[in-house]
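Dear colleague,

Please find below the structure that I am handing over to you. My notes on the ligand and its surroundings follow it.

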Amino acid sequence: MPPSVLDVLAAELDPDVLVTNPDVMDSFRRDRAMTVEPGHPLAVVRARDTADVSATLRIANDHGTPVVTRGAGSGLSGGSAAIDDCITLSTSAMRAIDVDPASMLAVVQPGLLNAEVKSAAAEHGLWYPPDPSSFEICSIGGNLATNAGGLCCVRYGVTTDYVLGLEVVIADGTVLRLGGRTIKDVAGLDLKRLFVGSEGTLGVITEATLRLRPQPAPVSTIVGTFEDTTAAGEAVTRIMSAVRPSALELMDHAAVAAVEAVKPMGLDGVGALLLAQTDSAADAATIADECIRAGATYSAVSDDPDEGEMLMAARRMAIPCIERLGTVLIEDVGVPLPQIPTLLESVREVAARNDTAIPVIGHAGDGNFHPLVTFDPRDDDARQRANVAFGEVMSVALALGGTVTGEHGVGSLKARHLDEQLGPAVTAVSRSIKAALDPKGILNPGKWL
Ligand SMILES: Cc1cc2nc3c(=O)[nH]c(=O)nc-3n(C[C@H](O)[C@H](O)[C@H](O)COP(=O)(O)OP(=O)(O)OC[C@H]3O[C@@H](n4cnc5c(N)ncnc54)[C@H](O)[C@@H]3O)c2cc1C
């Protein structure tokens, strides 16, 4: 009888790298998508370097064994959730970083947290901008694999805008080096962009060369309160046609109330809240004025950095605070900026029609919103209504010329809505690229590609 995949892995990998203890493996099974029930892996590989990743993929490919790559497991779409009898390939132990201040770049391994990359850059007076709200708990590998966004992306761009080069291992174990250390590089196809946002379906990212910027100037924070999200949405479209803030975030009354219950800031009863930041005094005044013109009940500018950080921290807490209220299906829809008021109005209608709570938060300046479809997990009827509402919000976004996911990725949560957005021709081309890179379909199978 030929040796099993576990026998071969055990023969080639260091004993510390290969984990088969069910209790330890349990902690590698799920991500933060509350409704995605993960499977049970055959083994967890805690890779230390590219050689471990390459050997694992080669062996898995030879045996036709599925591989689910995992960063820090903070994903909200089920992308790193285990499937039955897979190898979960964790990159969390790959933590090297080398900052090159003269070239304004950092060469990083995937297991570092986003916050650790920011700190290492800051030691040289530099800045790595992409800032998902989860920046203290998510890995750079996961950020690259989901093309993560965040709060300052409205001005500074998303993860892919900072990628100069990548090292990627494809399904048969071949190591690809893509791009490099130069700012401009048009040699050949830009394959690195194909892997950014591919959610572990095309290869495993083992190293990235990331562009850094000078530290940003201190910012002012602008607060606007509104009677409802439609008025706040109108303020967003007005602000974005006047200036380019470095953050423009929205929370509706239910999201504000959920955060107030955990961290009171005197905002209870607010119908909708806009938080903006900018390093320009003139732009701060314009943002405050545009809030008033759109019907804000209150608008003010604060130059106190501690107050600004407290408000932004409250916004970053919104998802965990709302998760205290029930099981949450997290939307991640995006629409063109002029469609924001219509999207927000439509979400309210979907919530009312399905008798389901849908608090809304969002990176409003990007037109990227997270309606949080919330239900009591003990109530089957409520679960059913929430599922219907979840699909309806995505259909609304698509009807408005938008997307089903702006930054969290498709994972397994949004897989059934992806074809609706892409259509058959794009789906077919995507599958043929997948077949070229992963002919046996071992990488994150059964999710969306
Ligand atoms: C409270 C909270 C707030 C959040 N806010 C934001 C936000 O503002 N913006 C945002 O974009 N996201 C946000 N997220 C979602 C999440 O943090 C991001 O998607 C993050 O990029 C995932 O990183 P991770 O290391 O946890 O990846 P995981 O969850 O482990 O994996 C995510 C996906 O990437 C793949 N993957 C991971 N590492 C690799 C690798 N090295 N090579 C190939 N594929 C890999 C996995 O297979 C999976 O498909 C939030 C999450 C939480 C819990």
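Among the 37 residues around the ligand, those that come nearest are Thr69, Gly71, Ser74, Ser134 and Ser139; a residue counts as near if one of its heavy atoms lies within 4 Å of the molecule. This is a predicted model, in which local features need pLDDT of at least 70 and side-chain atom pairs pLDDT 80 or more, while totals for chains, interfaces and linings use all residues. Residues are numbered from 1 along each chain as its sequence is written, and side-chain values use heavy atoms, with hydrogens and water left out.

A side-chain N or O atom of Ser74 is 2.6 Å from an oxygen atom of the ligand. A polar backbone atom of Glu199 lies 3.1 Å from a ligand oxygen atom, and a nitrogen atom of the ligand is 3.0 Å from a polar side-chain atom of Glu407. Of the 980 Å² of accessible area that the ligand has on its own, the protein covers 98% (Shrake-Rupley method, 1.4 Å probe).

Helix H5 (140-146) is one of the elements that supply at least two residues of the shell around the ligand, and H5 gives the most, with 5 residues. Helices are DSSP runs of at least four residues, and strands of at least two.

As for aromatic pairs (ring centres within 6.5 Å), the count comes to 2. The ring centres of Trp127 and Tyr156 are 4.8 Å apart and their planes are at 85°, so this pair is edge-to-face (planes over 60 degrees apart). Trp127 belongs to strand E7 and Tyr156 to helix H6, 29 residues apart.

Yours sincerely

Definitions and conventions
A polar contact is a pair of N or O atoms within 3.5 Å; within protein, one must be able to donate a hydrogen and the other to accept it, and residues adjacent in sequence count only if both atoms are side-chain atoms. Rings of Phe, Tyr and Trp (its six-membered ring) pair if their centres lie within 6.5 Å; planes under 30 degrees apart count as stacked, over 60 as edge-to-face and the rest as tilted.
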